[in-house]
Amino acid sequence: MSDDKHTVQNMESVTFEEIQQIADHILAKVKCRPKLGIICGSGLGKLADMVEDKEVIPYNEIPGFPVSTVPGHAGKLIFGTLKDKSVVLMQGRVHCYEGYSPQKTVLPVRTMKLMGIKILFVTNAAGGINRNYSVGDMMVIKDHLNLSGVNPLVGVNDERFGPRFPPMSRAYDSELRKLALGIAKEMGFADFVHEGVYSMMIGPNFETVTECRLLSMAGVDATGMSTIPEVLVAKHCDMKVFGMSLITNKVIMEYDQETTANHEEVLETGEKRSKYTQQLIAELVKKLVI
Ligand SMILES: O=P(O)(O)O[C@H]1O[C@H](CO)[C@@H](O)[C@H]1O
Ligand SMILES: Nc1nc2[nH]cnc2c(=O)[nH]1
């Protein structure tokens with residue numbers, strides 16, 4: 001790579017110092033000092049209703065912070081207490097398909113790291129690839145397949161975040177997964193909580209039939225347009241990660257099937273089923289040792 005290209009790549013990314021400034025700006029506005037961060041996916045932001053002693057900052061009031069442009073993503077940072085634990089919730093995320101660079105898309109995660117977050121929960125709405133999954137089921141993420149074509153770790157590596165070549169074979173913490181599945185059993189959710197593999201294509205279109213068939217053959221259980229970039233940088237900077245998908249629709253596996261995937265269905269399922277996601281996440285937070 002020539003020096004010129006190197007500089008351009010560097011300029012396109014967001015520097016450690018810029019992120020430090022954003023983290024300092026946020027911390028100056030709130031009293032809460034959480035170690036747990038939770039990203040709420042499409043239609044899953046109602047978890048914020050369970051947070052007590054809230055301190056709220058809209059993304060558009062944070063200089064340099066990316067702003068959500070998608071329905072179902074309120075675009076607010078919510079600090080407060082959930083089950084007696086200090087937390088920060090991202091009520092909505094940003095996605096690469098909105099036009100943000102991969103580095104800008106994950107800026108909130110790196111900001112959380114510099115604010116002192118050690119454990120990150122990521123949630124999302126996803127299409128069910130696994131034929132045994134029903135709409136409204138939940139999936140604890142055990143691994144992912146990055147088919148997005150993007151990776152926020154591309155570019156000059158800043159060792160203050162993490163190493164050039166981070167391992168990703170144990171991205172989703174096995175103890176947290178076990179704990180979540182145990183809680184699901186205790187709560188009587190075992191029939192509709194699975195463990196599986198999440199994949200991401202960049203979107204914003206929903207998948208073609210052939211793409212869905214390929215994902216199925218590849219061992220993918222649920223697919224979406226988010227989460228993986230966040231997990232890549234969270235692991236890069238040594239956070240513990242737990243991920244959960246709400247299956248908001250079944251993907252279309254038959255050519256010329258009349259029904260099609262749509263965001264309204266995604267939000268509608270979120271509306272109907274997110275209470276279970278909230279209950280499970282809340283219980284997991286309660287049992288978490290931080
Ligand atoms: O992954 P989250 O943000 O939950 O949203 C999912 O739902 C939207 C499509 O309906 C896409 O943004 C997809 O990624
Ligand atoms: N890519 C993708 N994202 C989703 N988000 C919610 N449902 C889906 C889906 O079927 N496909």
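Author: Helices α2 and α4 cross in a right-handed manner; a crossing is right-handed if the near helix is turned clockwise from the far one by less than a right angle, and left-handed if anticlockwise. The model is predicted, with local features requiring pLDDT of at least 70 and side-chain atom pairs counting only at pLDDT 80 or more, whereas totals for chains, interfaces and linings use all residues. Residues are numbered from 1 along each chain as its sequence is written, while chains are lettered from A and ligands numbered from 1 in the order in which they are written.

Helix α2 covers residues 16-29 and helix α4 residues 107-115. Helices (H or I, at least four residues) and strands (E, at least two) are DSSP runs numbered from the N terminus. The axes of α2 and α4 lie 9 Å apart, at an angle of about 65 degrees; axes are lines fitted to C-alpha atoms, for helices over the stretch in contact, and angles run from 0 to 180 degrees between N-to-C directions. The two helices are therefore roughly perpendicular, a term for angles of 65 to 115 degrees, with under 35 roughly parallel, over 145 roughly antiparallel and the rest oblique.

On the α2 side the contact involves Ile19, Gln20, Ile22, Ala23, Ile26 and Leu27, which meet Leu107, Arg110, Thr111, Leu114 and Met115 of α4. Contact requires C-beta atoms, placed from the backbone, within 7 Å of each other. By class, the contact of α2 with α4 has 8 nonpolar, 2 polar and 1 charged residues. Here Ala, Val, Leu, Ile, Met, Phe, Trp, Tyr, Cys and Pro count as nonpolar, Asp, Glu, Lys and Arg as charged, and the others, Gly among them, as polar.

A second pair may be set beside this one. Helix α5 (residues 174-186) and helix α8 (residues 263-287) have axes that come within 10 Å and cross at roughly 120 degrees. That angle makes α5 oblique to α8. Their contact is formed by Leu179, Ala180, Ile183 and Ala184 from α5, together with Leu280, Glu283, Leu284 and Lys287 from α8. This contact has 6 nonpolar, no polar and 2 charged residues. The crossing of α5 and α8 is right-handed.

Asn249 itself belongs to strand β9 (residues 240-250).

Conventions:
Two residues are in contact if their C-beta atoms, placed from the backbone, lie within 7 Å.
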